[in-house]
Amino acid sequence: MSSPAASTRAAPSRAHILLEFLGSMNLAITLLMAVAVASVIGTVLKQNEPYQNYIIKFGPFWFEVFEKLALYDVYSAGWFLFILGFLVVSTSVCIYRNAPTMLRSITHFRTHAGLNSLRAFHNRQEWVVPRPEAEVTPQLAAMARTHGYRLRSQDHGDHRIHAAMKGSWNRLGYVFTHAAIVIICIGGLVDGNVPLKLKESSGQIQVETRDIPASQVPAESWLSVKNPSFRGSVTIAEGTSANLAFLQLRDGYLVQPLPFRIELKDFRIEHYFTGQPKSFESDLVIHDPELEEPFESTIAVNHPLIYKGYAIYQASFNDGGSKLNIRAWPLLARELQPHDIESAVFQDVKVTSPRGPLTMELTDFKLYNVNPVEDDDASGKQFRNYGPSFTYKLRDETGAAREYENYMSPVEFEGRSMFISGVRTTPAEPFRYLHIPADGKYSLERFLKFNALLRDQERVRQLAEETTRGSFDQLTLERPELRQEVIENMVHLVGLFTQGGVDAILEQVNRSAPEERRTQVMDAYLKVLQTILGELYLELLAGEGIDFSPGMSETDARFFDDSLNAISSLGHYGAPFFAQLTGFEHLQASGLQIARAPGKNVVYLGCALLTLGVFLMFYVRHSRLWFRVEEKDGHTRLLFAGTGHRHERDFAEEFTRLRSELEQRLGIVDRPAPRP
Amino acid sequence: MSVTQQQMMQGFEKPSFWKTLSWFDWIWAALVIAGGIYAYRNLPHLMDVYEIAILAGSTLALITLGWRWKPARALSLAVVIISLFGISRYGTDLGLAEQDFFLRFLVSSQSAVMWMSALYVMATVAYFAHLLSGSDFVGKVASAMTWSATTMGLVGLMVRWRETYLVGADVGYIPVSNLYEVFILFSIITALVYLYYEGRYRTRAMGAFVLLVISAAVGFLLWYSFDRGAHEIQPLVPALQSYWMKIHVPANFVGYGCFALSAMLGVAYLIAARARPGSTLARRLPDLDLLDDVMYKSIALGFAFFTLATILGALWAAEAWGGYWSWDPKETWALIVWLNYAAWLHMRLTKGWRGVPMAWWAIIGLFSQDMDSGMRRNDVDLSGNVILISAG
């Protein structure tokens, strides 16, 4: 057991060692680099993704390891915050230990410098001036002041020291920058989501992962309305309101209630001629029970509304559930019986089809579709508005889905009007477009009738019989079964074509014909197909009352070709119907970010200090000069020394200039006066 | 002695800063102020109150720059004259870029940038020739080329600024908003910082190294322009339409320029440190102490501006989407770069490290900076992960 006296001596020394360690430069630099390296992780590994994605990426073993290391949310990981905290402590200790000295040195002129320590300076010069001290001193003082130095003198009996310095505010730079780091980290901690994480790990709150209306979210996923800092988002459709925000956390969210209600009165978006959004803004109405009446405010990107410490930002826009009138035309049936659907974006519609029940998930509506048009004659790009479109997903019973994008109005392509519909199986791939020719009335009718006619096997057989009657009369006498074979072949070809397009026929040829005859057989098949389809088309035109006896018009001929192309791609198109948009009521929604960050002003104060400090440190140069003066027998012994704090190289130049100026002033060496 | 005490004293009076200004300095200030007023009076509809403040601030900054670093005056005047010529050739028709002789071959932004690119590459070759031959004349040619390239680069940006308004009155923006434009800015700023040190220390031996990194940037720029058509003017997304861009981006690129410069001086240092003492190479390469000092100064300047830029970026982020810091890759890489150079400065200033390790460190710093600027490729995007609700 040590004596009490010994322990009181030992205690401060242990604290001293700890302080020494915490304040050491090696630790500080190690920590700086550690934070830097740890920060890299979060930029390499995508943060806060659903865990499922990580399992797929790394496999179960590494997923587990990375999870334990909290690599999926590095910046709120315990160990990362620990390093940050350690850096803050280390910086604070540095300030605690060094700031008093630094601050003192701003006012301290060091007039007690001893002869030996002055002689130890790299920049120094000694003279014996053949003049009395009273003549020398004013020159020293004048020179120092001329160059911006402040001067303090002290009499040490046998000698006097005139100490000068300038730029001592440089030292304040040290205090400012280091205090700024501590201040910024504290402010950041206030605004960070550490308390949230703590509550979550202690089970007080639970992340909701289901996509359900806020009213059904259980209480464990609701945060307090008093929550001092958060950053969430909410999407509000025109004409509706919300008094909450959602906080994204990993693969789920939490609900943050607000003490006021935000109503979206109107949302406006403007476009550039290129179709890119130029600006978007929301007219908000804030309903606060504490206010006598609600007030209105318009926010736009880069122009938020700040109310009661809550900042409301315009972040994004979306469809707000536009009402859509859709006419579904069957594409695979012989009956042309459309089915009308009245629904809205974000709604699901059940449809029956020859392929079993399907769900039509309406996902989006766009009022404008401006796309570039490559034009040969004009310089630069042209842009064209393709009009309204809507997107939907068609999901079958197995859960597999295709996505479709249908334009409302026909679009001009090389002089023809086409209805266009895009299809893709995954969001990663681009849409492939089906082009359906529009008839003279800009409607789908003729194409759909033609398509339905092709699927009417009775009618196709009838027509095939009529077509073959004339040419086969001779042959059928000898081999009646041959004509029947040709007719069946025709019907079969049309069937193949309507189901799988030209590809299906090609496939059949590849299967059945020997390789060297394939081209030949294919050509023959196509010719037969062309003939029978042509007959069907002519019948359709006749039904429309079109007189094609002088020859088919170019438009009608092209329509025929375009129709065949369209029908041929229907197999890849995949949908059993064509969804035509017949009417809509556009409703928009505004995506708002809502944030509360009470630490913000603290952080900004830190930032201001940091900026000021950095410039003080690098651009205010702290220099000191000393003149040690001693009189002996009418002569003056003068020692001139100086040092530039952290700018030795430049100071050495300055010192050389000052020294020669001093020699001139004191007449030590007779040189011509310095250049003006 | 024949001179009196009084006369001697007068000889040493350091004249006040104002008295050192020449008549050209005052004409310079008057011209810059006139330009500022012209912009203020003629383009008020294009500026909000912050932008007017930025205009006033840049007017003062430009005057001060010209007073403190005299060559900046001639450079600015040349840029203004050539840019105004280019703008006047355009009138209001962007299509003239292909028809007008001067625009097509000289002063349309694309042509000016091509001139800049060619001149920087030629200057690189000339600086190397100067380094290897020791010829003073070649060195002067190299400097002249660098000055001309910088002039043309600035003209390119100025004319492009006007071109953005010719694309559409609502399209116009300051051309520091995409990767193509900021690479031009990077080349110019790196060159300007270099030219400052070249004048300050009266040596052209560093030029070959510094211009190498500018040539690399030019190489990227040309690839990006020819292969990707990056020089085409695209309207700004709403998030980028902010006065913050006018201060954040240039401040950032002063930082990048300085860091790149210091990295190249690091390369020069490593080579100079290995050269046999007394050999021709050792004599022609810049002095080790000088390299070390300029490397430090450049990092200090870069660090100061990078700090400022990162803070401005955080302020902008807070205004654009509600959080001054979100640990997104862009911000995080800015922090990493900042921490790296903070550690570098601590090592040098408090631990007194010098020489080879610091040179290596400065070079490695360039890579972290590349990562950082790479992260900024897509600039600001406002893709918040918004959960949709049927509100209420």
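# Exercises on a predicted model

A:Ser105 touches A:Arg110, A:Met165, A:Ser168, A:Arg171, A:His622 and A:Arg624, leaving aside residues up to four places away in sequence. The model is predicted.

**Exercise 1.** Work out whether chain A is a compact globule or more spread out.

*Solution.* 
- Step 1: list the elements. Chain A contains 15 helices and 25 strands.
- Step 2: compare the radius of gyration with the rule. For 676 residues the globule rule gives 26 Å, and the radius of gyration of chain A is 43 Å, well over that value, so the chain is more spread out than a compact globule.
- Step 3: check the dimensions. The C-alpha trace of chain A spans about 150 × 70 × 60 Å along its principal axes.
- Step 4: consider burial and surface. In chain A, 47% of the 676 residues count as buried. The chain exposes about 34300 Å², with 55% of it supplied by carbon and sulfur atoms.
- Step 5: consider the contacts. Taking contacts in chain A between residues at least 6 apart in sequence, 62% join residues at least 24 apart.

**Exercise 2.** Find which residues of helix H4 of chain B are buried, and explain how they are arranged around the axis.

*Solution.* 
- Step 1: describe the helix. H4(B) runs over residues 71-90, has 20 residues and reaches 29 Å from its first C-alpha to its last, close to the expected 28 Å.
- Step 2: list the buried residues. They are B:Ala72, B:Arg73, B:Leu75, B:Ser76, B:Val79, B:Ser83, B:Gly86 and B:Tyr90.
- Step 3: explain the arrangement. These residues cover an arc of only 165° around the axis, so they are on the same side of H4(B). An α-helix has 3.6 residues a turn, so residues three or four places apart point the same way.
- Step 4: turn to the other side. There B:Ile81, B:Leu84 and B:Ser88 are exposed.
- Step 5: name the packing partners. The buried residues of H4(B) pack against several helices of chain B, including H2 (23-42), H3 (49-68) and H8 (136-167).
- Step 6: look past the end. Just after H4(B), B:Gly91 has a positive phi of about 60°.

Notes. Residues numbered from 1 in each chain as written. Chains lettered and ligands numbered in written order. Predicted model: local features only at pLDDT ≥ 70, side-chain atom pairs only at ≥ 80, totals over all residues. Heavy atoms only, no water. Helix = DSSP H or I, 4+ residues; strand = E, 2+ residues; numbered from the N terminus. Expected span 1.5 Å × (residues − 1). Buried < 20%, exposed > 50% of the residue type's maximum accessible area, 1.4 Å probe, protein only. Arc of directions from axis to C-beta. Contact = heavy atoms within 4.5 Å. Rg over C-alpha atoms; globule rule 2.2 N^0.38 Å. Areas by Shrake-Rupley, 256 points an atom, 1.4 Å probe, with all protein chains shown as cover.
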